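Please read the following report alongside the sequence and the three-dimensional view.

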Amino acid sequence: MDRLWGQAREELQKIVGTDSFSTWIEPLRLTGVADGTATIACPTRFLSDWVSRHYSDDILKVLDRMGGPVQRLSFETRSQTARQAAAPVVKRPAPPRVSGEEELAAPLDSRFTFENFVVGKPNELAHAAARRVAEGGPVTFNPLFLYGGVGLGKTHLMHAIAREIQIRQPEARVLYLSAEQFMYRFVQALRDRTVMDFKELFRTVSVLMVDDVQFIAGKDSTQEEFFHTFNTLVDQGKQIVISADRAPGEIKDMEERIKSRLQCGLVVDLHPTDYELRLGILQSKTDSFRAQYPGLLIAPGVLEFLAHRITSNVRVLEGALQRLFAFASLMGREITLDMTQECLADILRANDRKVSIEEIQRKVAEHYNIRLADMIGPKRVRTVARPRQIAMYLAKQMTSRSLPEIGRRFGGRDHTTIMHGVKKIEELRGSDRSLSEDIDLLRRLLEA
């Protein structure tokens, strides 16, 4: 059998060429010929599928000419056969197929749909772009990159896109997972020597969605595989949707070529919520709860009070409202302003105690008419650098965050850079009256 396959390999190398032979034919082994069927062992299922589609006719012709009548090829995966023979070793499950929702790497949350996503000025562009991708029609941007702070709706939109595509295109293969899951699967594939199966899983999907991509920064091998997966899918016209907590260019320890690729599509910033959007979210959640508990009573002004006082992020806001609903339903009482202040005393104190760094950055950027992305970006021109230092100063004065934490929120800057910025503003306040007035105005706006 080895002699027959050795002769066949020599002929196949002449037919398919040296490069294709080393990639696709070299790993194969002929294990038997019986009843017109030649059995060929392959390292992976991906390899067997590829050879079957592209080289089966050539193999059949060569074997038929050298070893007698062969009409069919049967492929078996050597790695699977070896694992079966090695029992009772515990077998790891193969990477899941991604043809249906139940097989997605990460489960979708049924609450996260487009219908219950409240749209306002800070997130209207992100919502429109997500809708366009989910509709499945021609999209002029690939990838769609969504970024923003905690609790601003990135994951909500990601889940909504995946669910909408499944409804509109049941045959589409949608793979949604976190960057950590991508890294874990890759490391597992390296350990199990099933990298080809890994490549097949991630490079044959219709839509790839990766959440919190900043977590692969600094992981060289994972970044390498992500880069090649990204390129393959884009070249095939497959849609990619990515989310992160910052813009691509601001992800520290991410390879420049990956940053460049991530920026070649549409990059959308989900801005911190404003008062109107927070109020809209509260009203939507209240309407939903009232549908379940028609007897719920909320005094006028309560929702407005919450929208004004809780500004950190949407998750905290929704959690506070849920606590109120639970308290009111258990106690059988109307939700009044007094009850709200009593029930949510700890949350209200936390929001009184500090202003978020993101809110400071947004207010300063608006005041000086610069882009929010420039606030945390690398630009050093005076028109950007001075407002950035003012934002650093206010973050140090108005929050309890450490200098390293503030540095991370300003594009991963070192804490010594923050110290220099704070010291510079402290010096200028004594000599620059206009700057001092600007800072006082900004502080009043942030404390309002």
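## Overall architecture and selected residues

The protein has 22 helices and eight strands, and the coordinates come from a predicted model. Along the principal axes, the C-alpha atoms fill a box of roughly 95 × 60 × 45 Å. The radius of gyration is 29 Å, whereas a compact globule of 448 residues would have a value near 22 Å. Of the contacts in the protein with a separation of 6 or more, 73% are between residues 24 or more positions apart.

| Residue | Relative accessibility | Class |
|---|---|---|
| Cys42 | 0% | buried |
| Cys343 | 15% | buried |
| Thr37 | 18% | buried |

Why does Thr37 count as buried? Its relative accessible area is 18%, and buried means under 20%, so Thr37 falls within that class. Thr37 lies in strand β2, which covers residues 37-42. Leaving aside residues up to four places away in sequence, Thr37 touches Gly32, Arg72, Leu73 and Ser74. With Arg72, the side chain of Thr37 also forms a polar contact of 3.0 Å, joining the two side chains.

As for the cysteines, Cys42 is buried because its relative accessibility is 0%, and Cys343 is likewise buried, at 15%. A search of the whole structure for disulfides finds zero.

Notes. Residues numbered from 1 in each chain as written. Predicted model: local features only at pLDDT ≥ 70, side-chain atom pairs only at ≥ 80, totals over all residues. Heavy atoms only, no water. Disulfide = S-S within 2.5 Å. Buried < 20%, exposed > 50% of the residue type's maximum accessible area, 1.4 Å probe, protein only. Helix = DSSP H or I, 4+ residues; strand = E, 2+ residues; numbered from the N terminus. Polar contact = N/O pair within 3.5 Å; in protein donor to acceptor, adjacent residues only side chain to side chain. Contact = heavy atoms within 4.5 Å. Rg over C-alpha atoms; globule rule 2.2 N^0.38 Å.
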